[in-house]
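This briefing is for a reader who is new to the structure shown below. Please keep the sequence and the model at hand while reading.

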Amino acid sequence: MRGRNAPARPTAVRSGVGGRAPRRWAIWIFSTRVPSGLGLAASGAFLLATVAYGTVIGDRIPAIVDAFRDARDAAANAAGFRIASIALSGERHVSREEILSIAGVTGTTSLLFLDVDAARDRLKTNPWIADATVLKLYPDRLQIGIKEREAFALWQQAGRVSVVAGDGTVLEPYVNPRLIRLPLVVGVGAAARAQEILTVLERYPDLRDQVRAAILIGERRWNLRLRNGIDIRLPETAVEPALVTLVGLDRDKKLLSRDIVFVDLRLPDRVTVQLSEAAAAQRAEALKDKKPAKKGGAA
């Protein structure tokens with residue numbers, strides 16, 4: 001028994017985990033009224049998040065998008081917006097089937113939901129198609145017009161020959177037999193610059209018809225390889241004056257019919273011609289025969 005004068009025991013201060021504050025929070029949580037339907041909503045949100053996660057992880061988004069698009073188009077078609085007729089214009093090298101496939105038009109596509117801007121952009125990804133128009137005529141008609149690039153030349157690089165347009169666009173990575181007679185350009189960068197040399201050659205048809213290929217040298221200047229094997233070395237600039245000189249020499253001297261290897265026109269004030277080995281030997285013999293005989297000495 002504690003005496004009257006005994007010191008009082010200190011009262012412990014309750015705090016932390018075993019304090020009154022956590023007990024108050026627990027009482028509040030369990031006594032709070034949960035709104036009706038909150039559990040169902042939370043379960044639905046969790047299920048939706050799980051499905052979305054599984055869709056992304058399983059890479060199923062494209063399939064879902066396609067299914068939604070098909071259902072949407074089916075509904076629009078049932079409402080009278082099925083594409084009943086398609087009018088195409090401007091196609092020569094690209095077939096009707098290719099155009100419709102690129103534009104994304106199938107047998108189930110509805111006119112209502114066809115994105116004409118996206119279809120036009122897809123059509124322009126084909127190298128033959130320079131521009132396109134896509135027009136919807138409600139309720140069931142579609143018009144597609146395309147403007148094709150023209151095949152301008154054949155381009156040879158690293159042993160491969162392609163068909164190119166005037167702007168250098170590669171139209172086909174092979175040569176269709178109907179395009180085999182197009183002029184040939186050779187070398188790195190020659191496709192983009194083909195128009196500059198071939199346009200000049202068009203003004204000299206007699207020379208143009210003798211050219212087998214235009215070869216871009218060092219992406220700076222052109223050589224012309226003639227069908228008889230002669231090389232014409234053109235300057236980096238002032239190409240047309242050099243061609244005028246060449247045409248004049250061929251007209252007056254029959255230069256390009258001679259047994260020569262090349263004609264060098266790179267210097268504006270002179271023309272250099274190299275004979276073939278056979279022609280050079282023949283010329284040497286001719287000059288030798290023309291030398292006067294030496295007079296003999298006194299007997």
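The points below cover salt bridges, a surface patch and strand pairing.

This is a predicted model, in which local features need pLDDT of at least 70 and side-chain atom pairs count only at pLDDT 80 or more, while totals for chains, interfaces and linings use all residues. Residues are numbered from 1 along each chain as its sequence is written, and side-chain values use heavy atoms, with hydrogens and water left out.

**Salt bridges**

- The structure holds 12 salt bridges, a salt bridge being a side-chain nitrogen of Lys or Arg within 4 Å of a carboxyl oxygen of Asp or Glu.
- One of them links E150 and R92, whose closest N and O atoms are 2.9 Å apart.
- E150 sits in the loop between β3 (141-148) and β4 (151-157) and R92 in the loop between β1 (85-89) and α4 (96-103), so this pair ties together parts that are 58 residues apart in sequence.
- Helices (H or I, at least four residues) and strands (E, at least two) are DSSP runs, numbered from the N terminus.
- R92 is exposed, at a relative accessible area of 57%; buried means under 20% relative accessible area, exposed over 50%, and partly exposed in between (1.4 Å probe, protein chains only).
- R251 pairs with D252 in another salt bridge, with 3.3 Å between the closest N and O atoms.
- R251 is exposed at 54%, and D252 is exposed at 53%.
- D264 and R266 form a salt bridge with their closest N and O atoms 2.7 Å apart.
- Here D264 counts as buried at 11% relative accessibility, whereas R266 is partly exposed at 38%.

**Surface patch**

- L112, F113 and Y138 make up a nonpolar patch on the surface, with about 280 Å² of accessible area together.
- Patches consist of residues with over 30% relative accessible area and no salt bridge, like charges being joined within 9 Å and nonpolar side chains (Val, Leu, Ile, Met, Phe, Trp, Tyr) within 5 Å.
- Accessible areas come from the Shrake-Rupley method with a 1.4 Å probe; for residues, only the protein chains shown count as cover.
- F113 lies in the loop between α4 and α5 (116-123) and is partly exposed, at 37% relative accessibility.

**Strand pairing**

- Strands β7 (residues 184-186) and β8 (residues 211-217) pair in the parallel sense over 2 bridges; two strands pair if DSSP finds at least two bridges between them.
- V185 stands opposite A214 in β8.
- β8 also pairs with β9 (residues 221-226), in the antiparallel sense over 6 bridges, and A213 stands opposite R225 in β9.
- The hairpin of β8 and β9 has 3 residues between the strands, and G218 takes a positive phi near 60° there.
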